[in-house]
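Trainee: Hi! Could you walk me through this one while I have it open?
Mentor: Happy to, let's have a look together.
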Amino acid sequence: MAKTPATNATLTLKIELEKPAQGDVHAYAFDRNGRMIARAPVRDGAVALPLNEKQARESRVFLAPDNADKQPTLRDMQRAHGYEIVLADGLRGRLVDHVRVPGRVIDLWPFCFCPVRGRVVRPVGPAGHTQDRPVCGARVHICEVDRWPLIIAQLPDRDILRLRDDLLHAVLRKIPIPPRPGPDPDPIARVRTPLRFPGVEAAISPQPQPNVGGLARSNLDRVALNPQPLPPGIALQLQGTPLAGLTASSINQIRSALTLNIDSLKYYLCLWPWWWWRFRCDELAVVETDAFGRFEKLLIFRCDGDHPDLYFWVEYPIGGSWETVYRPPIACWTHWNYVCGTEVILRVDDPRVPACGGDPDLPGLSVAVMSIGRGVSLKQLQTNGLTTGGAPFGGKIEPRVWMSRGNLIAAGITHYRWSYRRLTGPDGSTPAVGAWTIVTRDVKRHYSVLGPGGLPAFPSDPMGPDGDNKFRIQPPDPPAPGLDWETLDEREDLASAHFETTLLPSGLPAGATDAEKAAAAAGQYELKLELLRADNSLVDWTAAGITLAIADENAPFGADEVDTIAAPAFNRVMSGAHLVGFRMILRVDNNRCDADIYPVSGAGLSVDAECGFIEYQPGAVATLSFLARHPWGFATFDYTTTRGTSTPVPQADTGGIVGAASAASTDGNFSEGPDFVYSKPVPVNTLLTVNPGPSGGCANAAFAEVLNVWGTATDGYGTLGYNAHDAAAYALAVPCDCHGNGNGHGH
């Protein structure tokens, strides 16, 4: 096993400074891998580093101003103009060496404090009404990007020529700075005033925005200019401008011209992804955001040097570990020459990251009725109460509503309520107007708190009903000590009401079955949303200046923009010329479907009672029939026939909407008789020979019938399972002697 070098030896350096240095000076030792292994302050003209002879011989030692705030790296030494000590060979004994630091190096050591401030936010809310909400507990990494003069100095000649060509192509072709690729404020917006070079008509301007991808492809197709002088036209065009050096034939002159103009040209580098890998940044600090999404860090930089070029990326705890949620390209999102104290806003659009501090309000005083559950928007609801697909509603109905909650509450409008009344009988047309009834099922909202041991817990806050059967408008912030409202169960946390249609009164006596109650309670129902004050007085929306909108997109809404429109007259509850509420019509139907396949019948057919076969005579026709029922036609059905194990018989297949006059099949229709019974005569020969196999069809065959009836009633999340199914089988055969006389299918 290798022995660990002893650490009781000491490298002692006598330090002589040609002039006094501001602040404390430290010595830093780094091993072959660039890892700092020792540091110590210079005191009374000497410093002692705990290094043995082997470590001292294999280390790089620097003198630089103290930076107690972080673990320095070799790059930090370079940035801080650290003075690298060349140790004498053959150090022995106490490892003593003498170092003299030139005054010109000490002149580079003054440092200043630079406060770096910012916020991490997430846009929340419907499109057109989004607000930036703070992201709490995020981890922000603050990095300094390598200065481009250093990068240019290290670039190979071939890359210098390519960079020169790319820049000239952009400037002379008047290609503007590309648009920002990420969600946060533009870090180069400060330089988007026209930037012109004398004699060069090129301006850095945000308009028009180029297609960055297209530019990249076109530039990839260009052949880099060789190190010969550029064409005379370009050289003449740039003559007398700061860019004239780019036309030189000398690599060193081109390198110098790039360095001199880099402050103006570095913004173009976002155009070319093939340069991005050269951008590197060193982490200066990691800070966490507070309850308002803010972060701040005091960094140290050279007073007489350039302002730092800073880059930020963000992590957030997801599923028990830190996940990167914001990390745009360095080339496009570096805050070049960061102005100390300027607020940086980092917009995170990762859907896994929650906003804190409560949900945003809609601006002004607004109410937007968006959808029934997740799947049916108000745009998809017809005035007859059916969806645009012709489906009724059933189960528990949950209208989703956006409100300007904080603004409404501040205006004294603190509560709301939903009511319903019946409009028609089960057929959806016979008038049967009932009294208004308030929807009183509990509405609750979950919110997060820190429980014992710092673990999260999620209690719920009841929104109502109170003693007057009204419901609180959800406040922007949860009750103390809550951190944020949370959507743990969308059916509870997003519903403004729970309209339980299976509990609607049917008028039937006690003892009636659920099916009888569903049949009797079906029909059109009107739902009404009203706003109230704490004293139970109704709100005049027009007088209060409240606008009413509905969703103008189909649900589910997904991640795309969702627009709203002013609610049409049909959805407005009016008192004279004043708006006093919202209304919608729902066709409620919780009836279940029926499915039943009837026995095969027809002329020329007989059933062998002992063997169970349906025997047929030449030219016989089999009548296939079944029941596919929903009392008001809110169902679809399909009926299939299969010969043997897998041979389809399309002439005996059908499907469609329950209640239609006929249902299509391959060579004719199944006719609908009374009470949703469908039937069709099919020649036995067709059943036996359609889709023949190698033998050309069958003389005797077994058949399977499958019937599915699918109810279309929805609760806004999906169909409700009011389906019915049936299956049957039969066998067709030529007449035979089933008693062993040597004939037919008995053998």
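Mentor: Let's start with histidine 141: its side chain makes a polar contact with the side chain of glutamate 315, at 2.6 Å. Keep in mind that this is a predicted model.

Trainee: Okay, where is histidine 141 placed?
Mentor: Histidine 141 sits in strand β10, which covers residues 139-145.

Trainee: And is histidine 141 buried or exposed?
Mentor: Histidine 141 is buried, because its relative accessible area is 7% and the cut-off for buried is under 20%.

Trainee: Nice. Switching to rings: how many aromatic pairs does the structure hold?
Mentor: There are 15 aromatic pairs. One of them is phenylalanine 626 with tyrosine 678: the ring centres are 5.5 Å apart and the planes are at 20°, so this pair is stacked.

Trainee: Which strands do phenylalanine 626 and tyrosine 678 lie in?
Mentor: Phenylalanine 626 is in strand β36 (residues 621-629) and tyrosine 678 is in strand β42 (residues 677-683), so the pair ties together parts that are 52 residues apart in sequence. Phenylalanine 626 is buried, at 0% relative accessible area, and tyrosine 678 is buried at 0% too.

Trainee: What about tyrosine 639 and phenylalanine 670, how are their rings arranged?
Mentor: Their centres are 5.7 Å apart and the planes are at 65°, so that pair is edge-to-face. It links distant parts of the chain, with tyrosine 639 in strand β37 (residues 635-643) and phenylalanine 670 in strand β41 (residues 668-672), 31 residues apart. Both tyrosine 639 and phenylalanine 670 are buried.

Trainee: Which residues form the aromatic cluster?
Mentor: One cluster is made up of Phe626, Phe637, Tyr639, Phe670 and Tyr678.

Trainee: Now the loops. What is the phi of phenylalanine 676?
Mentor: Phi is near 65° there, a positive value in a residue other than glycine. Phenylalanine 676 is in the loop between β41 and β42, and at 16% relative accessibility it counts as buried.

Trainee: And what is phi for asparagine 691?
Mentor: Asparagine 691 has a positive phi of about 50°, although it is not a glycine. It is in the loop between α15 (684-689) and β43 (701-711), and it counts as partly exposed at 38% relative accessibility.

Trainee: What kind of peptide bond joins alanine 480 and proline 481?
Mentor: That bond is cis, with omega about 0°, and proline 481 is in the loop between β25 and β26 (484-486). The bond from glycine 464 to proline 465 is cis as well, with omega near 10°. Proline 465 lies in the loop between β24 (460-464) and β25 (471-472).

Trainee: Last topic: how many cavities of 30 Å³ or more are there?
Mentor: A search of the whole structure finds two.

Methods
Residues are numbered from 1 along each chain as its sequence is written. This is a predicted model: local features need pLDDT of at least 70, side-chain atom pairs count only at pLDDT 80 or more; totals for chains, interfaces and linings use all residues. Side-chain values use heavy atoms; hydrogens and water are left out. Rings of Phe, Tyr and Trp (its six-membered ring) pair if their centres lie within 6.5 Å; planes under 30 degrees apart count as stacked, over 60 as edge-to-face and the rest as tilted. Helices (H or I, at least four residues) and strands (E, at least two) are DSSP runs, numbered from the N terminus. Buried means under 20% relative accessible area, exposed over 50%, partly exposed in between (1.4 Å probe, protein chains only). On a 1 Å grid over the protein atoms alone, a cavity is a set of points where a 1.4 Å probe fits but cannot get out, and a pocket is an open set with protein on both sides within 12 Å along at least five of seven lines; lining residues have an atom within 4 Å of a point. Grid points are joined across faces, edges and corners, and a volume is the space filled by probe spheres set on the points. A polar contact is a pair of N or O atoms within 3.5 Å; within protein, one must be able to donate a hydrogen and the other to accept it, and residues adjacent in sequence count only if both atoms are side-chain atoms.
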